[in-house]
Amino acid sequence: QVLLVESGGGSVQPGDSLKLSCVASGRTLNTSYMAWFRQAPGKEREFVAGHSWVRSRVYSAEYSDSVKGRFSIYRENLKRTLYLQMNSLKPEDSANYYCAAALQGGKPSIGSRGYDYWGQGTQVTVSS
């Protein structure tokens, strides 16, 4: 029903900024929870940031403790695109970043398994 395609990853230095995008196509979801996850080698996929939409309006936004104050999640409805603005990047931010969507208005409590659609991922590497 929904196709998600991420882009914007790359290799940057610590302290740099990077903006990821997730373009959605197919069915429009007026009520959903959109999120960014990341997975580094040898680690489980972890939640990074997400926000809920109810009747095409932002209801809430959540961030993991490790990215609070540095990352921002937002959408541009006209482009059907979800963004993740990442500032003050650290080496530990290096991972493959994924866009995900859940067919509900709140953050799934069961983690990554609670999402219905996933993108293919975009690689982010932060190193000197």
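## The loop holding Arg80

In this predicted model, Arg80 sits in the loop that links strand S7 (71-76) to strand S8 (81-86). Arg80 is not a glycine, yet its phi is positive, at about 50 degrees. For comparison, most residues other than glycine have a negative phi.

Is Arg80 buried, partly exposed or exposed? Its relative accessibility is 28%. Buried means under 20% and exposed means over 50%, so Arg80 counts as partly exposed.

S7 and S8 run antiparallel and are joined by 6 bridges. Within this pairing, Ile73 stands opposite Leu84 in S8.

## The sheet

Which strands make up the open sheet, and in what order? The sheet has 4 strands, in the order S1-S3-S8-S7, and the pairing is antiparallel. Strand S1 (2-7) and S7 are the edge strands, and each of them pairs on one side only. On average, neighbouring strands of this sheet are turned by 20 degrees against each other, with direction ignored.

## The loop holding Ser88

Ser88 lies in the loop between S8 and strand S9 (95-102). Ser88 is also a residue other than glycine with a positive phi, near 50 degrees.

The relative accessible area of Ser88 is 39%. This value falls between the cut-offs of 20% and 50%, and therefore Ser88 is partly exposed.

Methods: Residues are numbered from 1 along each chain as its sequence is written. This is a predicted model: local features need pLDDT of at least 70, side-chain atom pairs count only at pLDDT 80 or more; totals for chains, interfaces and linings use all residues. Side-chain values use heavy atoms; hydrogens and water are left out. Helices (H or I, at least four residues) and strands (E, at least two) are DSSP runs, numbered from the N terminus. Buried means under 20% relative accessible area, exposed over 50%, partly exposed in between (1.4 Å probe, protein chains only). Two strands pair if DSSP finds at least two bridges between them. Axes are lines fitted to C-alpha atoms, for helices over the stretch in contact, and angles run from 0 to 180 degrees between N-to-C directions.
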